[in-house]
Amino acid sequence: MEKRIALEKRGRDPSEIKELNLDNCRSPNIIGLTDEFVNLEVLSLINVGLTSLKGFPVLPNLKKLELSDNRISNGLNLLLTSPKLTNLNLSGNKIKDLATLEPLKDFEHLKYLDLFNNEATGVDNYREKVFALIPSLKYLDGFDVKEQEADDSEAEDEEVNGNDDEDDSDGGEGEDEEGVDEEELVEEEEDEDDEEMSLNRVYDEHLDEESEGDDYEGELDEEDDEEDGIEEEEDEGEGETEGDTTQNDEESPARGKKRKHEGEEEEPNAE
């Protein structure tokens, strides 16, 4: 058990530890668990093999103690060094009679007690006698005095539940204030959405105008291209005409010379 405690400490000071789990560490006696754990609130010693509670330390802030599946038959008075105890699990032990439970009546805060699988549960009117023995007890083996099963939420500290109720009552007012703020936020968001929509419309219209202008310019460009094509064709036609005229002019002197030569040949014959 000492080695297990050293391992669970993980280098921390014992006074800093609030929960300690020593389940299955196998030891017939409590060894190594000292009074230094002054702030310990939860201690679990399930299936350790304890035959007695001898050596149980002073744990002034302990609230929950798990001792199930051991071989404890007496010595519950050694737990009185933990006066704040609210939950005690002794199921699966060797408690044979209700007299062994006598020390538990001095616990003013004990509300949950489990005694499953103990011979004492076979005593006549067992439940009625235990509730009568321990005035602070609210649940025995998971059920209250009226055989109503315990709610898991009720296992929490009642003071915590009380604080939650106060928080809820305060939170109601906060919710109303938040509700007003939310409405204002919604209105502001709607106004922003309207502005964004109007801006988007203006932007879209501007884009449409630009696109129409581009189309118009495109048509003008096509018309200009067609006109340029016609002018080029006309220029080519004029070039061809000038070429023909030049050719004719070049041929005309040759013809004149020929005609003159023919005239010269006719003159001797005339003589």
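Okay, let's start at Glu 147, which sits in the loop between strand 6 and helix 3 (158-270); helices (H or I, at least four residues) and strands (E, at least two) are DSSP runs, numbered from the N terminus. Before I go on: this is a predicted model, where local features need pLDDT of at least 70, side-chain atom pairs count only at pLDDT 80 or more, and totals for chains, interfaces and linings use all residues. Residues are numbered from 1 along each chain as its sequence is written, and side-chain values use heavy atoms, with hydrogens and water left out.

So, Glu 147. Its phi is near 65°, a positive value in a residue other than glycine. Most residues other than glycine have a negative phi. Glu 147 counts as partly exposed because its relative accessibility is 48%; buried means under 20% relative accessible area, exposed over 50%, partly exposed in between (1.4 Å probe, protein chains only).

Asp 69 also isn't a glycine, and has a positive phi of about 60°. You'll find Asp 69 in the loop between strand 3 (64-66) and strand 4 (87-89), partly exposed at 43% relative accessibility.

Now the aromatics. Tyr 112 and Tyr 139 have ring centres 5.4 Å apart and planes at 10°, so they're stacked. The pair links distant parts of the chain, 27 residues apart: Tyr 112 is in strand 5 (residues 112-114) and Tyr 139 in strand 6 (residues 139-140). Both tyrosines, Tyr 112 and Tyr 139, are buried.

Terms used:
Phe/Tyr/Trp six-rings, centres within 6.5 Å; stacked < 30°, edge-to-face > 60°.
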